[in-house]
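Here is a short briefing on one structure.

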Amino acid sequence: MEAAYNKKDFYQSSMYYGTMLGIVWSVMYILLFAGTGSITMLMFSSALFFASPFIAISFARKHRREECNDTMTFTQAWIFMFYMYICASMFSALVSFVYLRFIDNGAFFMSLQSILQAGAELQGTDEVMKQQIKELSDTIGNTSPTDFVWQLLSNSMFNTSVLPLALAIFVRKNNKNN
């Protein structure tokens, strides 16, 4: 018999853990934005990026153990993780927007442009590469925080459509007593 669960609690729990995952992603993005000049911050950002799926799995397993009598079908795990990823995406996009729009004051984009400029000035860089770097630098200069956050959100939504399917395999657990 399939474990009974309350749908309201199921969705509230996925939103709660999605918000927690969104906090992790927000810290990751802020470390990325603020850390373009610091290798330590970039390393922490990368570590959070690679740890993110494992954190999501641990949140879903915790929900399964505490709320579902340690039984969750693949479909339930996928739906739980899908909603968790949507909430994380929305939360991290909001935090990224607030940071880039009101706190950063364009420092992230200027830092990217200076990194590109330094790359263009390296010895051995051919003219075609210099032209491409200049075009990329111009594109970054014309990007607003709103456009950038929309792109982040778009990428997160793509991940939301793919990752929960794969991660649900590691979260599901069928009752062996059936």
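The lining of the largest pocket splits into 10 nonpolar residues, 6 polar ones and no charged ones. The model is predicted.

**Largest pocket**

- The volume of the largest pocket is about 330 Å³.
- Its lining counts 16 residues, and those closest to the centre are Trp25, Met28, Tyr29, Phe49 and Asn159.
- Elements α1, α2 and α6 each give two or more residues to this lining.
- Helix α2 supplies the largest share, with 6 residues.
- No charged residue is found in the lining.

**Aromatic pairs**

- Across the whole structure, a search finds 18 aromatic pairs.
- One of them joins Phe10 and Tyr11 edge-to-face, at 5.4 Å centre to centre and with 85° between the planes.
- Phe10 counts as buried because its relative accessibility is 3%, under the 20% cut-off.
- Tyr11 has 31% relative accessibility, so this residue counts as partly exposed.
- Tyr17 and Phe59 form a stacked pair, with centres 5.3 Å apart and 25° between the planes.
- Tyr17 sits in helix α1 (residues 7-34) and Phe59 in helix α2 (residues 39-67), so their pair ties together parts that are 42 residues apart in sequence.
- Both Tyr17 and Phe59 are buried.
- Ring pairs also build a cluster from Phe10, Tyr11, Tyr16, Tyr17, Phe59, Trp78, Phe80, Phe82 and Tyr83.

**Cysteines**

- How many disulfides does the structure hold? The count is 0.
- A disulfide is a covalent bond between the sulfur atoms of two cysteines.
- For Cys68, the closest cysteine sulfur is that of Cys87, 16 Å away, and therefore too far for a bond.
- The cut-off for a disulfide is 2.5 Å between the sulfur atoms.
- Cys87 is likewise in no disulfide, with the sulfur of Cys68 as its nearest cysteine sulfur.
- Cys68 counts as buried, because its relative accessibility is 4%.

**Thr160**

- Is Thr160 buried or exposed? Its relative accessibility is 1%, so Thr160 counts as buried.
- Leaving aside residues up to four places away in sequence, Thr160 touches Phe82, Tyr85, Ile86 and Ser89.
- Of these contacts, Phe82 also belongs to the aromatic cluster.

Terms used. Residues are numbered from 1 along each chain as its sequence is written. This is a predicted model: local features need pLDDT of at least 70, side-chain atom pairs count only at pLDDT 80 or more; totals for chains, interfaces and linings use all residues. Side-chain values use heavy atoms; hydrogens and water are left out. Rings of Phe, Tyr and Trp (its six-membered ring) pair if their centres lie within 6.5 Å; planes under 30 degrees apart count as stacked, over 60 as edge-to-face and the rest as tilted. Buried means under 20% relative accessible area, exposed over 50%, partly exposed in between (1.4 Å probe, protein chains only). Helices (H or I, at least four residues) and strands (E, at least two) are DSSP runs, numbered from the N terminus. Contact means heavy atoms within 4.5 Å. On a 1 Å grid over the protein atoms alone, a cavity is a set of points where a 1.4 Å probe fits but cannot get out, and a pocket is an open set with protein on both sides within 12 Å along at least five of seven lines; lining residues have an atom within 4 Å of a point. Grid points are joined across faces, edges and corners, and a volume is the space filled by probe spheres set on the points. Ala, Val, Leu, Ile, Met, Phe, Trp, Tyr, Cys and Pro count as nonpolar, Asp, Glu, Lys and Arg as charged, and the others, Gly among them, as polar.
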